[in-house]
Amino acid sequence: MYHFFVDENSILGDEIIITGSDYNHAVNVLRLKNGERIMVSDESGTDYYCTVGDPDGNELRVHIEEKSEENHELPARVVLYQSLPKSDKMELIIQKATELGVTDIVPVESRNCIMKLEPKKVASKIARWQSIAEAAAKQSKRSVIPAVHDPMTFVEAVKRAEEESSVRIIPYEDERGMTGMCEAIISFLPGSDIAVFVGPEGGYDKIEIRHAMNHGIKPVSLGKRILRAETAAISILSLIMIRLEIALENGLKEE
Ligand code: SAM
């Protein structure tokens with residue numbers, strides 16, 4: 001079943017109006033037929049099962065058959081602050097992070113990043129990454145498309161995480177022992193707002209880690225092996241996702 005995402009003002013009573021690039025995709029690419037069923041999600045994460053009507057110029061009206069109460073989103077906001085990895089690894093990380101339920105992805109330019117985004121290419125890069133997030137959200141039946149933000153420096157990212165998130169961790173390759181990780185896992189609860197930092201191939205600089213700790217971001221170990229950046233992102237986000245799903249099912253929530 002094809003899946004579209006609309007903003008809430010496209011929903012008029014028991015109809016949803018599809019316009020713009022989604023109209024073109026539905027009518028000219030997918031050639032959806034009258035009566036065909038599709039899924040539409042609005043920005044609040046509500047899903048609607050709809051039947052397609054007839055296209056009318058530049059809008060396609062679909063009729064809402066059923067509003068789904070089942071929410072496919074994690075019960076907490078999860079923000080991935082990913083230091084820019086080499087080549088197209090960021091695309092893999094964005095795809096997997098989307099499947100694993102993140103709500104925001106922030107590209108971070110930290111000291112040891114090999115990849116540098118040229119200012120004139122940033123907009124097209126972010127647009128590409130956002131389209132990857134949208135495709136992964138559709139595939140994984142997310143109700144919300146994660147937002148891919150403009151790149152920021154490590155210091156800017158730390159400031160944003162401190163202002164926005166109640167739980168803040170930085171998987172650090174030189175962190176020893178699992179105590180920090182154990183404490184962090186306990187804080188992954190429904191209703192929390194979780195910020196996760198993952199470094200680039202070159203890892204984090206000690207000065208960066210000290211700066212993060214001074215702003216309440218807890219270094220944690222992912223074990224004794226050195227994981228690739230994409231493996232580290234997938235590992236920690238999987239852990240957060242599973243812990244949140246279990247906590248939700250057991251009625252646990254952030255105090
Ligand atoms: N250049 C570093 C080195 O050789 O020690 C490796 C950096 S690793 C490729 C990229 C990022 O993944 C790290 O900055 C960290 O965020 C995360 N990571 C990888 N292995 C980890 C581990 N065992 N514990 C915590 N974080 C890890």
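Author: The ligand takes up the space of the largest pocket. A pocket, on a 1 Å grid over the protein atoms alone, is an open set of points with protein on both sides within 12 Å along at least five of seven lines, and a molecule sits in it if more than half of its atoms lie within 2 Å of its grid points. Keep in mind that this is a predicted model, where local features need pLDDT of at least 70, side-chain atom pairs count only at pLDDT 80 or more, and totals for chains, interfaces and linings use all residues. Residues are numbered from 1 along each chain as its sequence is written, and side-chain values use heavy atoms, with hydrogens and water left out.

So who's around the ligand? There are 19 residues, and Pro171, Glu173, Glu201, Leu222 and Arg225 come nearest; to be listed, a residue needs a heavy atom within 4 Å. Sorted by class, that shell has eleven nonpolar, five polar and three charged residues. Here Ala, Val, Leu, Ile, Met, Phe, Trp, Tyr, Cys and Pro count as nonpolar, Asp, Glu, Lys and Arg as charged, and the others, Gly among them, as polar.

Now for the backbone. Pro171 has a backbone N or O atom 2.6 Å from an oxygen atom of the ligand, and Gly199 has one 3.0 Å from a ligand oxygen. With Gly202, a polar backbone atom is 3.4 Å from a nitrogen atom of the ligand. These are pairs of N or O atoms within 3.5 Å. As for cover, the ligand on its own has 570 Å² of accessible area, and the protein covers 85% of that, going by the Shrake-Rupley method with a 1.4 Å probe.

How values were computed: Polar contact = N/O pair within 3.5 Å; in protein donor to acceptor, adjacent residues only side chain to side chain. 1 Å grid on protein atoms, 1.4 Å probe; cavity = no way out; pocket = protein on both sides within 12 Å on 5 of 7 lines; lining within 4 Å.
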